[in-house]
Amino acid sequence: MSVTLESIPGKEDQVILSMGPQHPSTHGVLRLVLELEGETVIRSIYDIGYLHTGFEKSFESKTYSQGITLTDRMDYLAPLSNNLGFCLATEKLLDLEIPPRAQWIRVLLTELTRIQSHLVWLGTHAIDIGAMSVFLYCFREREEILRIFEAVSGQRMMTSYFRVGGLALEPPLGWLKGVQRFVKSFPARIDEYEALLTRNPIWLGRTEQVGYISAEDAIALGLSGPSLRGSGVDFDIRKKQPYSSYEKFDFKVAVRPEGDVYARYRVRVEEMRQSLRIVNQAMEGLPDGPVKANAPHIVLPDRESMKTSIEGLIYHFKIVTEGFHPPVGEVYQAIESPRGELGFYMVSDGSPKPFRCHVRAPSFANLQALPKMIEGRLIADVVACIGTIDIVLGEVDR
Amino acid sequence: MSIFFYIFAAITVLAALNMVLQRTPVYSALSLIVVLCSLAGVYLQLGAEFMAVIQVIVYAGAIMVLFVFVIMLLNAGHETPSHRSHIAKWLGAPLIGAFLAMMLMVIRDQFPATTGAAPAHLDGSPLAIGHLLFGNYVLPFEVTSVLILVAVLGAVVLAKKEF
Amino acid sequence: MVTFSDMTVLVIIAGVKVALVLLVLLTGVAYTTWLERKVVAHIQSRWGPYLVGPHGLLQPLADGIKFILKEDIMPLEADKIIYWLAPFLGFVLAFLSIAVIPFGEGFTLYGHPILFQITDLNVGLLFIFAVTSLGVYSIALAGWSSNSKYPLFGGLRSSAQMISYELSLGLAVIGTLMMSGTLSLRGIVNAQAGFWHIAGFNTWMPHWYIFVQPIGFFVYFTAAIAETNRVPFDLPEGETELVGGFHTEYSSMKFAMFFMSEYTNMITVSCLATILFFGGWHGPVFGPTIVRIFLPVFWFCLKVFCFMFFYIWMRGTLPRFRYDQLMSLGWKFLLPVALANILVTSFLIAWHG
């Protein structure tokens, strides 16, 4: 049943506008019901579920290894971050040690994912506000990152490259050259976007003091990620609860106190620069060694040993047909996805399939701030605010 | 000249009738715009290009837009005739007849001999109109502008009270 | 030998001129869309259309065929007459204003003077303003008659926007008018012939009004962009906010008509900017007679082209204003600036005599 707003009796001159699910700037299939007086939004309700896929339930009927492929499709703009969250939660359940090379590559690729996701965000946000060219510039650079992903994992978007216990396979020779080329060219590109937007009076007029959320409200609404840091709260899981060796990397957390659309824009642009620093460090200090943990019960053996040794063949057969058995228990593992705190809460009953897997999706939580941002503002601000919370409907609806 | 005059005159009268008889406000407003534009055509026939163009800019282009704007905002649909006033019904036609007769008499007194051509001594150029407005008629012109200013201020004050 | 009466010759000349101008204008409009797509594409590091014909040069033709063949859908609840009327009105009015635009000096053929202009109205400038002021109806009525919410918002926005900016548009050119002393566009261009002389000294700077009316030009061009609903003032369409604005419910040829009238209006205001501030067809003229006749037309077209390019460039660069910002820009900034410009200009003219 679809959500509607009943108009207040005695105020019939107000217009109820159904914005979406087919609308150019609701970022997918979000539907908003707006009560308007002129062009001013009086009340608003958001209506979600148009992209409901039942991923959380599907996890329960898939082995842990199979579950990874579902995570790609939740936040389809940051598949590797989702892979990482799921793998880390499972590894926590198994209490598995990951070799440093795998950790470093994981960091490198998730930071590239962050840049890539922020590029899509910046492009769509800019085109919502009318700056058309930035959109295509961003997608041009995103393409380079997707090529790196393709080189590493064979897939541009649905990578499923991180596996429980490490990586799917050692990246191909020479892949770092592509990363190097990107790292070298990208700072100038960020400067290019900023030249078009950061001091542009129209952009400032459209974003400053729009969609204000105070630090208290942001915490109360459960915001996370750049949406929270744009309100002046210094909270980044990479710093506060480091995972995958993030504590060994030197980077700053971008925070801005203003709490408006512009602050969140500046935070994300700064995050892109910081991610680039992390990528650089990960590339320079990339250790040698295996990319998979030494846990034959859990990690698939390589083809060589599967073909030549009987143990390898048996492990391969067991893992593929049945899966591995983690101990009974429950874990919560959060990572800092491009959108905020992406948490996987996993319950194991000892069987090869999770008993329950709940995803704490940052888009879902961040979306709650929308009515607070837009009520009392104009329609044009609504699109700016939808853009600024950076939602991915695949993740909201799961 | 005459053929164009008759065409524009016919359009004016028909559109004016349509404006009065039409029950949908938007059509009435649109008919009024047609009236104003075809009147501008009549002015053109008289050699008053400036007047014609100003007529279109001010009345059709600015004032009537506001009319249409308001009708659109109120989303006024079909009007139903009210049957309340019987006096209007009985008095309307004779009053209009009397008014028209008076207008005819005034026009006949003003222009006794109809020549059918535009009066040659009237200069419709912006320069001539400017000289007239700011020379002979400067006092009425200024008084009118003050009147309009007062009306604007009044409208603003009234509108402010609403909130 | 057949002899024609003067009247017949006049009618023939007028007919040929109207046909020629219409032909050139329609082609111009079609290729402005091509130009826009190409230029914006290259700004955004894309190729733009390149499949239909060399460099996509036949793309406008393909678009036209597509528009004609598309199904024409009308909302059930639409007000049928006005829904039909609105695009036609916009289309006719957009093409009407080109009638008084002078493209060049003209020449004499067998004793008949032929001007590069359909008609030289002595209130030509006001005529254009009158016609563009009627253009609001096309958009407002399209928005209203669709009987749908997004178009209604688009229609309301555009009515408010066009009324507001028409004022600044009209006031911005008054400085120019005071200097030239005429409302005829041909007269205004003729007043800009030659070079500026300061105290009897020839500066070799063209006698264009842009050099003395830069503020007037700035206000005029800003208001003109708003008047034609282009980026950064494209709120009535506001693709990402109002889906398509006033033409959301239009399809097929009716949609194409809105499109064509938008581009025609762009050409008209660019022509007007050229005439009022950049000396119209004036430019260096040399060579044999035939070149001397057509070179001014070339200069005129070149100047108009520059404005069109600027329009497209803006589209590739700027974000969109918000409704209230647009209004305050128009009323609180452009209007006072235009009024101050008039005041200063008239004082200077009165002082110098």
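Guide: A:Arg101 has a relative accessibility of 9% and therefore counts as buried, the limit for that class being under 20%. In this predicted model, the side chain of A:Arg101 meets that of A:Asp288 in a salt bridge, with 4.0 Å from N to O. The two residues belong to distant parts of the chain, 187 residues apart, since A:Arg101 sits in helix 4 (residues 100-128) of chain A and A:Asp288 in the loop between helix 11 (261-284) and helix 12 (303-308) of chain A. A:Asp288, for its part, is exposed, because its relative accessible area is 70% and the exposed class begins over 50%.

A second pair also involves helix 11. A:Glu194 forms a salt bridge with A:Arg273, and the closest N and O atoms of this pair are 2.6 Å apart. Here too the pair links distant parts of the chain, with A:Glu194 in helix 6 (residues 175-197) of chain A and A:Arg273 in helix 11 of chain A, 79 residues apart. A:Glu194 is buried because its relative accessible area is 18%, whereas A:Arg273, with a relative accessible area of 25%, is partly exposed. Beyond these pairs, salt bridges that share partners join a set of residues into one network, made up of A:Glu111, A:Arg114, A:Arg229, A:Asp236, A:Arg238, A:Glu271 and A:Glu336.

A further pair is that of A:Arg43 and A:Glu35, whose side chains meet in a salt bridge at 2.5 Å, N to O. A:Glu35 has a relative accessible area of 0% and so is buried, while A:Arg43, at 28% relative accessibility, counts as partly exposed. As a general point, side chains of opposite charge can pair when their charged atoms come close. Over all chains, the structure holds 36 salt bridges.

Chain A also has a sheet to set beside these pairs. Three strands form an open sheet in the order 6-7-8 (chain A), and their pairing is antiparallel. Strand 6 (329-337) and strand 8 (356-360) of chain A are the edge strands, each pairing on one side only. With direction ignored, neighbouring strands of this sheet are turned by 15° against each other on average. Strand 7 (residues 340-348) of chain A pairs with strand 8 of chain A over five bridges, in the antiparallel sense, and A:Val347 stands opposite A:Arg356, a residue of strand 8 of chain A.

Key
Residues are numbered from 1 along each chain as its sequence is written. Chains are lettered from A and ligands numbered from 1 in the order in which they are written. This is a predicted model: local features need pLDDT of at least 70, side-chain atom pairs count only at pLDDT 80 or more; totals for chains, interfaces and linings use all residues. Side-chain values use heavy atoms; hydrogens and water are left out. Two strands pair if DSSP finds at least two bridges between them. Helices (H or I, at least four residues) and strands (E, at least two) are DSSP runs, numbered from the N terminus. Axes are lines fitted to C-alpha atoms, for helices over the stretch in contact, and angles run from 0 to 180 degrees between N-to-C directions. Buried means under 20% relative accessible area, exposed over 50%, partly exposed in between (1.4 Å probe, protein chains only).
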